[in-house]
Amino acid sequence: RNPISAAAPRPGTARSSTTHSGHTMAALVLATCVAAVAVAATPPPLRDSLGVACTAATCGEHGRCVLATDGAYRFWQCQCVVPGWSGVDCRAFDCAQRHDCAGRGRCVGPNVCEGDFV
């Protein structure tokens, strides 16, 4: 008798054995297959010319990564999408929408002026 054919179920049949935790092997195989499909469905991150990937942390909560080009080179830039935030990583607050406090106060938060600014 061939040990491989004895171990493998025939097509259309299921072989069930119980693990020490009480789960059937069929359930474990199904869970493993579903997890493998979910991982395989996630596309790999885009990378710049140096191989650097942009992650969710790159531009913080206030920006998104944009792949820019300079000739043959690709590189990441943060595009700040939340008003009141700027900087190379969108982590610096500004008061651009408040005209930079019009020189009569100081910017103390995203679009928040303190002082004589009205």
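E114 forms a salt bridge with R106, with the closest N and O atoms 3.0 Å apart; a salt bridge here is a side-chain nitrogen of Lys or Arg within 4 Å of a carboxyl oxygen of Asp or Glu. The model is predicted, so local features need pLDDT of at least 70 and side-chain atom pairs count only at pLDDT 80 or more, whereas totals for chains, interfaces and linings use all residues. Residues are numbered from 1 along each chain as its sequence is written, and side-chain values use heavy atoms, with hydrogens and water left out.

R106 counts as exposed because its relative accessibility is 52%, and E114 counts as partly exposed, at 41%. The classes rest on relative accessible area: buried is under 20%, exposed is over 50%, and partly exposed lies in between (1.4 Å probe, protein chains only). A search of the whole structure finds two salt bridges. Besides the pair E114 and R106, the side chains of R91 and D89 meet in a salt bridge at 3.4 Å, N to O. R91 has a relative accessible area of 43% and is therefore partly exposed; D89, at 27%, is also partly exposed.

The protein has two helices and six strands, in the order α-α-β-β-β-β-β-β along the sequence. Helices (H or I, at least four residues) and strands (E, at least two) are DSSP runs, numbered from the N terminus. N111 lies in the loop between β5 (105-109) and β6 (112-115). This residue is buried because its relative accessibility is 14%. The side chain of N111 makes a polar contact of 3.2 Å with the side chain of Q97. A polar contact is a pair of N or O atoms within 3.5 Å; within protein, one must be able to donate a hydrogen and the other to accept it, and residues adjacent in sequence count only if both atoms are side-chain atoms. Leaving aside residues up to four places away in sequence, N111 touches P83, G84, D94, C95, A96, Q97 and R98, where contact means heavy atoms within 4.5 Å.

Over the protein, buried residues make up 14% of the 118 residues. Of the contacts between residues at least 6 apart in sequence, 19% join residues at least 24 apart. The protein exposes about 9000 Å², of which carbon and sulfur atoms supply 60%. Accessible areas come from the Shrake-Rupley method with a 1.4 Å probe; for residues, only the protein chains shown count as cover.
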